[in-house]
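Let's take a friendly look at the sheet and the pockets of this protein. Keep the 3D view open as you read.

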Amino acid sequence: ASLEARAAAAGVSFRAPGDALAFALHVFMLDADFQCVARDRSAAMPGFAPPVRELPRGRVVPEGWNDDPASITFSYRRRDAARGRSYTLRCTLMEDGERLAVHAAATGDERAATDVLHAPAFVVPGADLARPGAGGGG
């Protein structure tokens, strides 16, 4: 399915081209057999951090994934690997509002991948980003 179709099916909407591009990179990670994990705030106990769990079935992004307009972070585990290793994909919107700094790394590994992408180059110009699933070609 296209990115637009996947976003629409999950009820995902975007506020800016950077959100749409971050979502596309996240879907790439899911398709590469990574499981998205997030803090399960419903299972929080006083005095303890909420447990980190795989997203519920049918959920594509964590709750509040794009609440911060300047930075979006996704956490993952490999489906086929031991539970101890985790991965992070961090997308930070640069001051110009168009460039997205992308940083991907595994815990305990000094190597990381970093790049800067021009978000409008990947998002359909004039797309209605507020509509679920809008914002990018598939």
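## What counts as a pocket

On a 1 Å grid over the protein atoms alone, a pocket is an open set of points where a 1.4 Å probe fits, with protein on both sides within 12 Å along at least five of seven lines; lining residues have an atom within 4 Å of a point.

This is a predicted model, where local features need pLDDT of at least 70, side-chain atom pairs count only at pLDDT 80 or more, and totals for chains, interfaces and linings use all residues. Residues are numbered from 1 along each chain as its sequence is written, and side-chain values use heavy atoms, leaving out hydrogens and water.

## The largest pocket

Which residues lie nearest the centre of the largest pocket? They are Val37, Ala38, Arg39, Pro62 and Glu63, out of a lining of 23 residues. The most come from β3, with 4 residues.

## The sheet

Strands of a sheet pair through backbone hydrogen bonds, either parallel or antiparallel. Here, 6 strands form an open sheet in the order β2-β1-β3-β4-β5-β6, with antiparallel pairing; two strands pair if DSSP finds at least two bridges between them. Because β2 and β6 stand at the edges with a single partner strand each, one side of each is left without a neighbour in the sheet.

Now look at β3 and β4, which are joined by 6 bridges. Thr73 has Arg90 in β4 as its bridge partner.

Key: Helices (H or I, at least four residues) and strands (E, at least two) are DSSP runs, numbered from the N terminus.
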